[in-house]
Amino acid sequence: MVNQEELRNKAKEVLEREDVRRLIGWKRGTYGFEAAPCVIEKPEEAVNLIFDPTCVQNSASFIVLEEKLPVPRGQEPDTRKIAVMVKGCDSRAIVQHIVEKAYDRDDIVILGIPCTGVLDRRKAEKVFGIIEKPAEASTEGDKVIVKVGNEQKEFERSEILMDKCLRCRHPNPVISDILLGEEVEKWADDDFSDVQEFESKSPKDKWSFWEEQFSKCIRCYACRNVCPMCYCIDCVVTKLRPQWTRRSTDISENTVYHIQRAWHLAGRCIECMECERVCPMNIPIMTLNRKMTLEVKQMFDYEPGLDVEAKPLLASYNPQDPEEYIM
Amino acid sequence: MGEYKFSKENLGKVLEALKDYKVYAPQKKADVVRFQELSDPSEITLEFTNTNVPPKEIMFPQTETLFRFKVGGQDIEPRVPEPTDKMLVFGLRPCDARAYSIVDKLWQWDFIDPYVKNRRESSTIVGFACSEPCANCFCTSLGGGPADEENLDAILFDLGEVFYLKTITEKGDEFVQKCGEALESAGDVERKNAQAQGKEAIEKIRRSIEVEGISEKLPGLFNDAIWKEFSSRCLGCGICTYLCPTCHCFDIQDETEALDGRRARMWDTCMFAEYTLHASGHNPRPTRAERTRNRISHKYSYFPEKFGVVACVGCGRCINFCPVNIDILDILGKVKEA
């Protein structure tokens, strides 16, 4: 795992550069199993940075979450770079941003951190309950060690890490300017058995499953806002004129929202699982995204967020593309 | 005031006997605990610290039809709930009950909201004392407590083998009359156990904030850097407000299908950009910093200034559910330091 001292020193160095205006990383949370993402501007704030398996949030989301107000007349916009610390999945979001021209490669400085997996707070809370002090975590070989106060517990990966980590195809950053720590060896592979398992249900069972899940949605839009790929300035579901989706919550409007969200991520989802992690109503949102991921992979042999030179899936065309879905 | 007990196996029988009421009770469905109308007594769950969705949704549903109309017509068909429908809210945590009484001040302020008022007046509230507060509970800082009886008609304690039920108001006594034969009268033993449990629960509360002074301090921090500091990682989602038992903002929209229309109101949140978006395109709260400031200031400054009470009950939901660790106690701590 990356040395914390090295991480802070590098971050400080980067923040001292004249062409960098802010850095996105993680600091210890106030409680529990998740760190707090943080955006810092002063080099001296780098002492608070950490990286360990509690750093669950996708840091790339905070690049596109930055709010840019109109610059007052006579002033120049700040065009200095944003530095960002990334895990493997976070780095894929950055690649996809660049592919989609959300910003230029030159606008950011990427501090890549090889990742050994991040904690699933739901799994951890089943073991420890909600804890009032922040936990610390590390990995040693195949084991994950979670430290809560003076208590230390060792887990198998599957017992405590997020499901995405149990099928992680890219634990090392796929793009970086500065690599912190040694690259790690891939420990898992993805056979999409979760998608196949769901597929094996009857249409009736599938619908009754989603009906129950969508019915409980409170449309807080946390899944949309946390998604690194959801960065439209004016989202179709909150647009007021014309209003495509009603604000009222019911099975119909909620379903429209979720299907729409999933479709807009076709060929774009980089599987960071943030949508599912943040959901206060425990809706297994990734089940939809994973289906799209598999579909895109099988039909177009396309995997987003790996190559900055790639074209966006929906903006590319190949005469050999399958077209059996076209009536 | 009466004191009763009943064995755990008899919970179903007690609920079964309450035919006169529309009973709302915590139920766990698809991994979420929330208050819903109880059609089958076996579906109740009392295994929770705080429900995912606060029971404000019973009085103030997320989406509610105010009236129906015909497009082009002049008549409306109101949908105000009848005050005669007797409702029983069973298993409400004392903090959530406190939230009811706090927000009532607004619902019955310059305009009396008949929708909420009728439900509130026709409700009997049976509280459920906490024995295991969650790590982020801080109700004791805001004048509440895990076994606080204020705002309740009766309170239930889980004493292991039996439930101890104590009535507090006449409405509570009336409820007990309907509970049927499963109730036995309770004595000193149960009372003492319940009191001990309440005391222990207070000691188990690990987080706190000294509220005094915050209300006066906040207006002076209107342009302070702390708002930007916290909001730089804010997602701008509705979790903290939608799941807050005292947040009560709503939007009103007309929805039509062919010639049938309804005017509905639905939860809104000051954390969304559209909340303050003007028709001109101007937004007086242009970034999440102003929105975060509003969320905290409304609870801890504007509301107390107007109604004399802080609009927060310390239930901990906004802390527990925030995906980016924006911790209200952390913010309030910084406010005090500033």
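These legends describe close-up views of a predicted model.

**View 1. Chain B meets chain A.** In this contact, 37 residues of chain B touch 37 residues of chain A. On the chain B side, four elements each supply at least two residues: α9 (239-242), β11 (250-257), β12 (260-267) and α11 (317-321). The most comes from β11(B), with three residues. By class, this side of chain B holds 16 nonpolar, 11 polar and 10 charged residues.

**View 2. Two domains of chain B face each other.** Chain B splits into domain 1 (3-204) and domain 2 (214-337). Their C-alpha centres lie 26 Å apart. Across the boundary, 32 residues of domain 1 of chain B are in contact with 28 residues of domain 2 of chain B. On the domain 1 side, β4 (63-70) and α3 (94-107) of chain B each give at least two residues. The residues on that side comprise 17 nonpolar, eight polar and seven charged.

**View 3. An open sheet of four strands in chain B.** The strand order is β5-β4-β12-β11 (chain B), and the pairing is antiparallel. The edges are taken by β5 (76-78) and β11 of chain B. Each edge strand has a single partner, so one of its sides has no neighbour in the sheet. From one strand to the next, the twist averages 25 degrees. Strands of a sheet pair through backbone hydrogen bonds, either parallel or antiparallel.

**View 4. The β11-β12 pair of chain B and its loop.** Antiparallel strands β11(B) and β12(B) are joined by eight bridges. Within the pair, B:Gln253 stands opposite B:Ala264 in β12(B). The loop between β11 and β12 of chain B contains B:Ala258. Phi of B:Ala258 is near 50 degrees, a positive value in a residue other than glycine. B:Ala258 counts as exposed because it has 7 C-beta neighbours inside 10 Å, and the cut-off for exposed is 12 or fewer.

**View 5. Helices α8 and α10 cross in chain A.** Two packed helices are described by the angle between their axes and the distance between the axes. Here the helices are α8 (residues 203-215) and α10 (residues 251-264) of chain A. Their axes come within 9 Å and cross at roughly 100 degrees. The two helices are therefore roughly perpendicular to each other, a class that covers 65 to 115 degrees. From α8(A), the contact uses A:Glu211, A:Phe214 and A:Ser215. They meet A:Ile251, A:Asn254, A:Thr255 and A:His258 in α10(A). By class, the contact has two nonpolar, four polar and one charged residues.

**View 6. Backbone details in two loops of chain A.** The peptide bond from A:Arg241 to A:Pro242 is cis, with omega near -5 degrees. A:Pro242 sits in the loop between α9 (222-226) and α10 of chain A. The other loop runs between α11 (274-278) and α12 (286-300) of chain A and holds A:Asn282. Phi of A:Asn282 is near 55 degrees, positive although the residue is not glycine. A:Asn282 is partly exposed, with 14 other C-beta atoms within 10 Å.

**View 7. B:Glu16 in helix α1.** B:Glu16 belongs to helix α1 (residues 11-17) of chain B. This residue counts as partly exposed, with 16 C-beta neighbours inside 10 Å. B:Glu16 and B:Leu88 are 72 residues apart in sequence. In space, their C-alpha atoms are 13 Å apart.

Definitions and conventions
Residues are numbered from 1 along each chain as its sequence is written. Chains are lettered from A and ligands numbered from 1 in the order in which they are written. This is a predicted model: local features need pLDDT of at least 70, side-chain atom pairs count only at pLDDT 80 or more; totals for chains, interfaces and linings use all residues. A residue is buried if 20 or more other C-beta atoms lie within 10 Å of its own, exposed if 12 or fewer, and partly exposed in between; C-beta atoms are placed from the backbone. Two residues are in contact if their C-beta atoms, placed from the backbone, lie within 7 Å. Ala, Val, Leu, Ile, Met, Phe, Trp, Tyr, Cys and Pro count as nonpolar, Asp, Glu, Lys and Arg as charged, and the others, Gly among them, as polar. Domain bounds come from an automatic or database domain assignment. Two strands pair if DSSP finds at least two bridges between them. Axes are lines fitted to C-alpha atoms, for helices over the stretch in contact, and angles run from 0 to 180 degrees between N-to-C directions. Angles under 35 degrees count as roughly parallel, over 145 as roughly antiparallel, 65 to 115 as roughly perpendicular and the rest as oblique.
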